[in-house]
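I opened my notebook to look up a few residues. Here is what I wrote down.

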Amino acid sequence: MSSSLGRIGAIARTTFIELARLRVFYVLILFALVLIISSSFIARISFQQELQVTRDIALGAINFFLSMLAIVATAQLLPRDLEDRVIYSVLAKPVRRFEYMMGKFFGVLGLLTISLIAMSVLCLAVIHLREGSAVRETMQQMTQSPPEELERALTGLHQAGVNQDLAFALLLTLMKAAVLASATLCISSFATSNIFTISAMAMVYLVGHLETIARDYWLHQHSAGWLIRAFLALVLLFFPDLQAFNLSDQIIAGASLSSLALTKLLGLGAVYIVGYLVIAIAIFTQREL
Amino acid sequence: MTEPAIRVSDVTKIFPTPFRRRRIVALQHLNLEIAPGEIYGLLGPNGSGKSTTLKIILGLIQPTRGSVRVFGRDNSTVAVRRDIGFLPENAYFHKFLTGTETLRFHARLSGLGSRESKSRIAELLETVGLTRAADARLSTYSKGMLQRIGLAQALIHRPKILVLDEPTAAVDPAGSRDIQNLIASSKKTGTTILLSSHLLTQVQEVCDRIGILHRGKLIREGRLEDLLAIENQTEFIVENTTPEFLDQLERQIASVNGRVVLRRKPQTSLEQLFLKVTETRDE
Ligand SMILES: Nc1ncnc2c1ncn2[C@@H]1O[C@H](COP(=O)(O)OP(=O)(O)OP(=O)(O)O)[C@@H](O)[C@H]1O
Ligand SMILES: [Mg+2]
């Protein structure tokens, strides 16, 4: 048991080092550029809106970059190992195939976590600075206003600034990336090239973001029969509802997320991850090397 | 008789080929038995099924029919692989790791503790002659250096069985001499070795027993001396005699109805020459 964990740890560590040395972190520089450039072009309508837009862009950028990183980094793990025949020397050691897959997954998860932390620190710093200056300027402008109004303005700013909801949104972004990584691992367990894996994942990504809209449309516009319901359920089974993890819209609107809702979403993500990993391991165990 | 180190029983391997009607029969009713401490050489032309055999023994691919036992245990259990070190053909490893990191990784996979693996890694780097390149990334290694790191990786957990797929491919003559010496010294510690090769002279030097695969069938097998001995001939190489004595010897041979097939000055081989002139290149 403990030696099994040791082997998974060794594979995860090596996977992480490999990915880090492939310079995937360079993507993060691109992220910083997007964040800084876009935030300096925001029209000043009100301080609160400015803060909200900055936050929206930052969360959106983190979301996008982390998802891309999850797909691209995971898609090439198995093909590389197969092509370089690394897999022979690894699996010829007392390593079970499930340990190999778990190691790969945790290696990617490590990479995603570190990337998220780096991006979050940057984005929190930007938002925090803007919030501070917005609060100062609001207080200056509103010295004449009644105290309730000032109070309301400051609450508005705080809701759009650094707070618990933002932390929740970041956590869910990581969960979504982890779901994508496990789905990618699942597809690459039978794919013969990483082009196939990435194309398939692009589809999962799209469907995952659109299916909520499609479902609402079908269920409300048409009196959905069981056939359509079954079809939608089937789609949901294979394509995770990625849109559910995008909280930025609700959070920008100032609606707080209850910790129950958060727990539910994290639970949903965990179910998808476990499901994908089980399928991935089952396929990979049968695969001829 | 004691339990063989490796027993391959009636293994057939058929590769399905999608989009094509003909299946590839890589191995047919293969039987092999390798005794503990023996060095066995698997020979055969390209595509005869050598690598397939070795991969089946390691459990990397499943036989279509038949079974493999290692020290009497089914080879699909993980514990079996604690006893085996494997060098895949054209060994390649994570390009972004250094030599030391690669060995540390494989040590962890084999369940070695960190203190134990540290000394073992230093020792093995020395053995395969990579001490100087230990901290360079594998992407900068030459083919022969990769082969050496592959060998070190196979030896890391002191396995009782070594399975080597073309261990001397891409290695220079001095390197393949080192590898042969390594094989010979592993034999002294009782390690069982199964290797595949095309290099017949090397196989001849190190192996106790060989098998020849052809189109997935074992067409010849046996002890090297038995297979190669020409029963009615004898060879001797003599030193410090006179030509007159040799002439006399030849006449005596003729008098008993024998025949001298060949009389010549023995030549050094190109390999010997190469080794001699490049001997000092490392120091
Ligand atoms: N994964 C595979 N799928 C289909 N056919 C395969 C596969 N692996 C090997 N083969 C076929 O099995 C046969 C034996 O291959 P194998 O690699 O064992 O040969 P080999 O004796 O090691 O040759 P070489 O000396 O070139 O290394 C070949 O005809 C090869 O085409
Ligand atoms: Mg081969």
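Helices are DSSP runs of H or I with at least four residues, numbered from the N terminus. I kept in mind that this is a predicted model.

**Entry 1: a charged patch**

I looked up B:Lys118 and found it in helix α3 of chain B, which covers residues 114–127. Is B:Lys118 buried or exposed? Exposed means over 50% relative accessible area. B:Lys118 has 66% relative accessibility, so it counts as exposed. I then checked for a charge patch. B:Lys118 gathers with A:Arg13, B:Arg104 and B:Arg108 in a patch of positive charge on the surface.

**Entry 2: cysteines**

A:Cys123 has a relative accessible area of 0%, so it is buried. A:Cys186 has 8% relative accessibility and therefore counts as buried.

**Entry 3: B:Ile57**

I found B:Ile57 in helix α1 of chain B, residues 50–58. Its relative accessible area is 1%, so B:Ile57 is buried. I also looked up B:Ile57 and B:Gln153. They are 96 residues apart in sequence. From C-alpha to C-alpha, B:Ile57 and B:Gln153 are 18 Å apart in space.

**Entry 4: A:Gln76**

Where is A:Gln76 found? I placed A:Gln76 in the loop of chain A between α3 (47–75) and α4 (77–83). Last, I looked up A:Gln76 and A:Ala178. They are 102 residues apart along the chain, and 16 Å separates their C-alpha atoms.

How values were computed: Residues are numbered from 1 along each chain as its sequence is written. Chains are lettered from A and ligands numbered from 1 in the order in which they are written. This is a predicted model: local features need pLDDT of at least 70, side-chain atom pairs count only at pLDDT 80 or more; totals for chains, interfaces and linings use all residues. Side-chain values use heavy atoms; hydrogens and water are left out. Patches are made of residues with over 30% relative accessible area and no salt bridge: like charges are joined within 9 Å, nonpolar side chains (Val, Leu, Ile, Met, Phe, Trp, Tyr) within 5 Å. Accessible areas come from the Shrake-Rupley method with a 1.4 Å probe; for residues, only the protein chains shown count as cover. A salt bridge is a side-chain nitrogen of Lys or Arg within 4 Å of a carboxyl oxygen of Asp or Glu. Lys and Arg count as positive and Asp and Glu as negative; His and the chain ends are not counted. The place of a charge is taken as NZ of Lys, CZ of Arg, CG of Asp or CD of Glu. Helices (H or I, at least four residues) and strands (E, at least two) are DSSP runs, numbered from the N terminus. Buried means under 20% relative accessible area, exposed over 50%, partly exposed in between (1.4 Å probe, protein chains only).
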